[in-house]
Structures are given as structure tokens and as C-alpha cells.
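Biologist: Could you walk me through a structure I have not seen before? I would like to learn how to read its features one at a time.

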Amino acid sequence: MADRRRINGPPGATMAPVFEDDAGQPEIKNGKGRDRAPNVIRKTFLKTGVTPSASGSAYLEFEGSSKSGVSGLKLSCTVHGPRSLPRSSPFSPHIVLSAHVKYAPFATKQRRGYLRDPSERDLGTHLETALRGAIIADRWPKSGVDIIISIIEGDQDRETSKSQGDETWDMMNVLSGCITVASAALADAGIDCVDTVAGGVAALVQDAGEDSTPRIVVDPIPSDHEKVLGACCVAYLPTRDEVTNLWFKGDLPASDAGLYTQLVENGIQASRNANRVLVECLGEATS
Amino acid sequence: MTTSNPTLAIPGQLLGSTSKYQPGPGTHIHNHNVHASLMGTVHIAQPAKAPGPVKRLTKITPAPAPAELPTISVTVPTRSAGSDHTGQKKREVLPEVGNVVLCRVIRITPRQAVVAILVCGDTVLDAEWQGLIRVQDVRATEKDRVKIYESFRPGDIVRAEVISLGDQANYYLSTARNELGVILATSEAGNAMHPVSWKEYRDSETGLTELRKVAKPY
């Protein structure tokens, strides 16, 4: 008894395709490891002026690595402003900064929702803190500036290492990319900044093997290593030698007291490297 | 007032020491050095030379004041009112105290006229800033006998000067000078009008006059 009033699907039951599980494949993590020196960051592409309708914009890419199985990071940032604040907001003698970070639903392995979740709000707060230290706020009274970052591809690998299930280490890389791209977009928008901020990540990792000691690497890919003990993301102003934001996560062994400052130092070094890319990109944009 | 060879600057770049340059727009001072705040081209403006001492045989003239330092500034090309839009990078400008702005009257009440600021100096604004012309700022003379209905009407284009940053929603503007006031008005019949005196506009078609606070055209 066919239903002729509607467009029907195929008669009979259908089944969704089932793909073979990857777990059957041999462990390909052994012998892979990190292919860069400990203080070398990944290749970065940065370009400003990609969104003509916004006051300022920038696009950033960290290269992916098929050897480690990482897809790479792709960020797009737009800056709107300085524009007038809504009528209801109180008078502010300096600029009101608001930063929004959003993952695209297809950006990560686990599909994300359309509304902002707490981890994205957290990234937004860190980004705002990092940029607030760099903007000269009192040149723009009664104004607001909106920074909106869309993460088109999160820095995740196709098969997370067995020992870690969460993706918080990826967020560190994402935050450092967000800081760098937002700084480029702010310079593109013509908002007075004290200096160019760039983000850098340093991590204390332990590789597979019985006698491997933990070492500090910069711009880590979590799946390259057996275990990530701790990581820190630093937003640094090179001309003033100031840190505007520091985000530290992890469990450091209590035996070595200087490890904390060592990790921050390496984070600053990574930030300096990222700043070189930023300076070159802005130099190209002005000429 | 000449500009020397332009170099490019990005935020944070060291431009010079405060003993050699004065900071201009687009720069800031840190540790006795002038650094750039914007991404753009560097311009150095030489100060006007003070006239040297006049030679007089019987009078002792004081030594000339030390020459002013040249001003260094970083500028971003702005989209001005008359230029074309071929990929010109625009930059938002904020109305400052003392700027002459063009605005359109939105609403009038017996005590003030609410306006929307459209052009600040030479730059067409992107953001919608609202301004207020209070009844005591319309004219310089006879301030207590001003009637807003006889000075502005909704839809007029007014040239005004910013006198204060105001509160959260409004800038405070003033038209209390001869060259400030209504520059473009439409009559009640809907026709364009031309000015006849400091307080009258005449409709070109019907010949009827309407009262406005007229800006001096020249």
C-alpha cells in the first residue's frame, strides 16, 4: 500500500555504512616522535586584510604534519571597530574590548555545537587578557572593539594517543594561534597598540622508553609524545619584554623547582619566534 | 612643514628618542623613546622656524628660544570624503573636542536637538555617533531667547563643533559661531532651500521663508 501523496524513501530497511575500526592497525606511534628540534615552531602562514567588510582581519595557518597525523590549525579573525557602544552601556573613558572564539562545528574530531561552550568562553577570556595588555585603551573613549575568531580546523590528530583522552593540550596551541592572529588583525584595523603580541606554547613531555627523561619542547604536537606532563601558553610583548597572559596547565614533578621558570622561558622563546612571522607579515602588508 | 623619506612602521617599533623628536599622532612614549602605535608610514614634520633676533644697535635683544623638535607621526591612509574606493584602507576616526563635524538632525525638543554625526573633519564615519545641541549652544548671543523650532528642523544638515565628549550616548556640539549652523535644509513643501540671511532660508519654488540658524556660506 504505497503512500502516493508524499515522496517516500526506498522501500524496505536500510542500514548506515559501518567502517572498519582503526584499532586493528599496528601501533604506528613507535619511532615516530617529533621531527623538529626542541626549540623550533611549526611553519606558519599569516595574512592580513582577508575580509574586506571588516575594519581589520587576518588568517593564520599552522602546517599540518601527515607523519604525526595532525591536521594543522586554521584560524580566521575579524576585528570590528572602534565603534560606538550601545546606548545602555555606561560611559567608559577607554575602549571596551570583547573577544569571541568559536570552533566551527566541523573543526574537531568530535563535532561541536553551534552555541559557545565553556571551553570557547575560556579561550575568549584568555585572549582578551592577552590583548588588553597591548592595546592603548584611552585613545578611544566611549568606543568598543569586537574581535571574533573562527577556528576552521582545530589542531587535532586523527588518532589520539592512547594515554590521553582529552584535548586540552590542543587548546594551548589554539590559544597561541588566536593571540597571534588577533594581533595581526588589530594592527590591520588601525587600533593603537603598544606592541605586537604573539603567543607561544612550551610543554614538558616524556617520550616512550624506560629511561627517557622529561624534556621541554616548543609548539608541541601532543600525539608525538607518550605523555605531556605540563604545558604553558605565553603571550609576550618583545619590545617591552612583558608577558600579558600566562596559562599554565599540568603536573610538574616536585623535585625540580626551576622547571616552572624554565618552561615559561621556553614559552617566551616560542612567542618570539611567532612574533618574527607576525612582523614579516605586517611589513608585507604596509608596503 | 615637509615630510622626509617615509619608512614603514608596525606597532611597537622604535622611532627615535624623545630628545630628538616630539610624539605625534600614531605614536606613544616608553622609556624616553618614541615608539609607533599603528601600522603605517612614518612622517617627520619640521617645526616652523622662529624668526632670528633683529639686529639693533642700541638695544640688547634676548637670545632666541631653542628650536622646537620635529614631530614624528605614523599615519594610515584614511578614506576621505572625496577619494575613490579602490582598495583604500579605511581607518575609523573619533570626534574630538574642537573638531568641526557635519551632522543630520534627527529629533528636536524644546531644550535640545538630537543629531547623528556623519562626517568628522574629512572622514566619513562608519560608526553612528549621536550628538546633542543644547539650546544654550545654538547661538552666541541672546541664549535665553533661542527657540529650537526656529533654529533646526529634523532632516537638516548642520555644521557644528564638538565641545565635549559628553556622556555614554551623546557628544555635545555647538553652533555658536557664524560659520556653524544649518547648511542644507528642505522646506515643508519638500523643496530645496537657499539661505537669505543668518536666520532665514527661502524655498526656491514657493518663495516662502523658514526660520533656521543659518551657517555663513563663505
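**Reading side chains, pair by pair**

Modeller: Let us begin with B:Glu142, which counts as partly exposed because its relative accessibility is 45%. Please keep in mind that this is a predicted model.

Biologist: Thanks! Which side chain does B:Glu142 meet in a salt bridge?

Modeller: The general idea is that side chains of opposite charge can pair when their charged atoms come close. Here the partner is B:Arg145, at 3.0 Å from N to O. With a relative accessibility of 59%, B:Arg145 counts as exposed.

Biologist: Is A:Glu120 buried or exposed?

Modeller: A:Glu120 is buried, because its relative accessibility is 1% and the limit for that word is under 20%. Compare another case: B:Glu179 forms a salt bridge with B:Arg177, and their closest N and O atoms are 2.9 Å apart. In that pair B:Glu179 is partly exposed at 35%, and B:Arg177 is partly exposed at 34%.

Biologist: Which residues are linked in a network of salt bridges?

Modeller: In chain B, such a network links B:Arg153, B:Asp156, B:Glu188, B:Glu210 and B:Arg212. Take another look at B:Arg153: its charged end also sits over the ring of B:Tyr149, 3.8 Å from the ring centre. Chain A has a case of this kind too, where the charged end of A:Arg112 sits over the ring of A:Tyr103, 4.0 Å from its centre.

Biologist: And how should I read two rings that pair with each other?

Modeller: A pair of aromatic rings is described by the distance of the centres and the angle of the planes. Over all chains the count comes to 3 aromatic pairs. Among them is the edge-to-face pair of A:Phe45 and A:Tyr59, with 6.3 Å centre to centre and 65 degrees between the planes. Since A:Phe45 lies in strand S1 (residues 44–48) of chain A and A:Tyr59 in strand S2 (residues 56–62) of chain A, the pair ties together parts 14 residues apart in sequence. A:Phe45 is partly exposed, because its relative accessibility is 40%.

Biologist: What is the angle between the planes of B:Trp129 and B:Tyr171?

Modeller: It is 90 degrees, so to speak of this pair we say edge-to-face, with the centres 5.8 Å apart. The pair links distant parts of the chain, 42 residues apart: B:Trp129 is in strand S10 (residues 123–134) of chain B and B:Tyr171 in strand S12 (residues 170–174) of chain B. Both B:Trp129 and B:Tyr171 are buried.

Biologist: Which residues form a nonpolar patch on the surface?

Modeller: A:Val243, A:Leu246 and A:Tyr260 do, and together they have about 240 Å² of accessible area. A:Tyr260 is part of helix H3 (residues 259–286) of chain A, and its relative accessible area of 40% makes it partly exposed.

Biologist: One last stop, please: where is B:Gly181 found?

Modeller: B:Gly181 is in strand S13 (residues 181–184) of chain B, and it counts as buried because its relative accessibility is 0%. Leaving aside neighbours within four places in sequence, its contacts include B:Ile157, B:Thr175 and B:Lys213.

Terms used. Residues are numbered from 1 along each chain as its sequence is written. Chains are lettered from A and ligands numbered from 1 in the order in which they are written. This is a predicted model: local features need pLDDT of at least 70, side-chain atom pairs count only at pLDDT 80 or more; totals for chains, interfaces and linings use all residues. Side-chain values use heavy atoms; hydrogens and water are left out. Patches are made of residues with over 30% relative accessible area and no salt bridge: like charges are joined within 9 Å, nonpolar side chains (Val, Leu, Ile, Met, Phe, Trp, Tyr) within 5 Å. Accessible areas come from the Shrake-Rupley method with a 1.4 Å probe; for residues, only the protein chains shown count as cover. A salt bridge is a side-chain nitrogen of Lys or Arg within 4 Å of a carboxyl oxygen of Asp or Glu. Helices (H or I, at least four residues) and strands (E, at least two) are DSSP runs, numbered from the N terminus. Buried means under 20% relative accessible area, exposed over 50%, partly exposed in between (1.4 Å probe, protein chains only). Rings of Phe, Tyr and Trp (its six-membered ring) pair if their centres lie within 6.5 Å; planes under 30 degrees apart count as stacked, over 60 as edge-to-face and the rest as tilted. A charge sits over a ring if NZ of Lys or CZ of Arg is within 6 Å of the ring centre and within 35 degrees of the ring normal. Contact means heavy atoms within 4.5 Å.
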